[in-house]
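This report covers selected local features of one model.

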Amino acid sequence: MPYFKLYPDIKYIKGEKRATLYLLGHSKTIHLSSKETNVINSLISEELDTTIVKFGDIAHKAIEYLLINGLAAIYEKDSFTEGYLPFMPFQIKGYNEPQLMLEILFIQISDECNVGCDFCKNDNYLNYEGCNSCIRWKNTTDGAKINDEKLIQQIEKMDGIQVKEIIFSGGNPFLHWESLIKIIKKLRVYNKGSICVYCPQNTLDIEKAKILKEYNITVILNIFSTTEQGQELNKKLDDTIKILEAYNIQYNFTLILTSNDSINYDKMISKTKLYSPNRISSTELIPLNNSDYKLISQPTGIKRIDDVSMLNFFYRTKYSTCMNKKIAISADGNILPCPSWKKSFGNIFDKHGIRSIFKNDSYVDAWENPKSKVVICENCENKFACVDCSCLDNELKDDPKLLKVICDYDTKNGYWRKETERNDFDWKL
Ligand code: SF4
Ligand code: SF4
Ligand code: SF4
């Protein structure tokens, strides 16, 4: 009596109604239809012949696909396949004197900006991937400005902490130019890596550009939606880029999406093609007073399901995909896991400086925060493939109604809004 088994690198995650197959060796994610879910359920829990009798042609096709592509095997007797873990995840608490490596350190010089975007620090909007923009931070006191002398003293104590990228954001860092350069000068003693500064339009001049070049700073520029206010703000973009290119300064773009319209997104993308940015990322503003709004979540789209690699899958079972190893220092000195987070871990000016977050393990709530801990997502089969913004997940805990805005998937009944479920086995590797 033959039995069917999926290989250990094929993860079958069952939701309430449907399931998702994570083909880790192929970095491929397949969200199964309800019918496919029933077939796979039967294959892994019953004898092979029983599944074939129950499901006929569709079972044949599924078995053939899985066997031909080396994703499963047939055994004569019922057998046990050992689980698979590619590595032991690194955990800070397991080490006495950890060498801390941060992915990104955000620094907010001040909460001020002279541009006046109407969505900025506005409680009527939720920020999706707000960390990718200069939007002012919700945790910071209005108008706050960092104590640069005290911050520099703390930076001196950060010797030994490696940081891959430092980003100055959260308002217009150019408004306090002297403080900005004083801090960058000190950071450059310890950090040879990437330092980026948000540069709202109409901020840069030739003298400043020369100094940015001297310290090898990358500038991040906003491209605003094609709304009336956005068009007005975009007007200065050309002038700024001319200066940057004249001094051979690297630049990135952030697309600020304020309109629920993918045509608008396409227009913004075409605008970026006129220039040569190093990187393009985006932040989306979700208006809370519009219950019909749907998160666009570009570039992955409304179905935020990624193809995940082996490493990514196991990483996502334990850590937040977006916040792990990130720290943000606000203009009040508060230490946050990211600029959009509301609750602070501690304060940089406290006795232990940046290390205060490890004194009470407060970093765990943010860094070790996979989607399996999000109430709305914990039973969803897509939780290890879904693109993350933990701040939104956090908002969901307080207001589950927001799920309709953020996610189009009904986990309980197993369908995407406006979905016509597949009726075949059209799987492709
Ligand atoms: S340019 Fe940035 S910081 Fe200034 S108002 Fe607009 S979003 Fe806020
Ligand atoms: S947001 Fe949550 S419920 Fe929606 S698809 Fe992603 S993991 Fe599933
Ligand atoms: S939760 Fe993640 S994606 Fe969202 S703003 Fe923070 S770091 Fe960015």
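## Loop residues with positive phi

Glu129 sits in the loop that connects strand 7 (125-128) and helix 4 (148-156). In this predicted model, its phi is near 55 degrees, a positive value in a residue other than glycine. Glu129 counts as buried because 22 C-beta neighbours lie inside 10 Å, and the cut-off for that class is 20 or more.

Ser27 also has a positive phi, near 50 degrees, and is not a glycine. The residue belongs to the loop between strand 3 (19-23) and strand 4 (28-31). With 16 other C-beta atoms within 10 Å, Ser27 is partly exposed. As background, most residues other than glycine have a negative phi.

## Helix 3

Helix 3 covers residues 57-68, 12 residues in total. After the helix comes Gly70, with a positive phi near 65 degrees.

Which residues of helix 3 are buried? They are Ala59, Ala62, Ile63 and Leu66. These residues cover an arc of only 95 degrees around the axis, and therefore lie on the same side of helix 3. The cover over them includes strand 1 (3-6), helix 1 (34-45), helix 2 (48-55) and strand 5 (72-75). On the face turned away from the buried side, helix 3 carries the exposed residues Asp57, Glu64 and Ile68.

The model contains an open sheet of 10 strands with mixed pairing, in the order 7-12-11-10-9-8-6-13-14-15. Its edges are strand 7 and strand 15 (346-347), each of which pairs on one side only.

Ile107 stands opposite Ile329 in strand 13.

## Surroundings of ligand 1

What is the make-up, by class, of the shell around ligand 1? The shell has 7 nonpolar, 4 polar and 1 charged residues. The residues around ligand 1 include four cysteines, Cys113, Cys117, Cys120 and Cys134. Val115, Gly116, Ile135 and Arg136 also surround the ligand, as do Gly171, Asn172, Pro200 and Asn222.

Methods: Residues numbered from 1 in each chain as written. Chains lettered and ligands numbered in written order. Predicted model: local features only at pLDDT ≥ 70, side-chain atom pairs only at ≥ 80, totals over all residues. Helix = DSSP H or I, 4+ residues; strand = E, 2+ residues; numbered from the N terminus. Buried ≥ 20, exposed ≤ 12 C-beta atoms within 10 Å, placed from the backbone. Near = placed C-beta within 6 Å. Nonpolar A, V, L, I, M, F, W, Y, C, P; charged D, E, K, R; others polar. Expected span 1.5 Å × (residues − 1). Arc of directions from axis to C-beta. Contact = placed C-beta atoms within 7 Å. Pairing = 2+ DSSP bridges.
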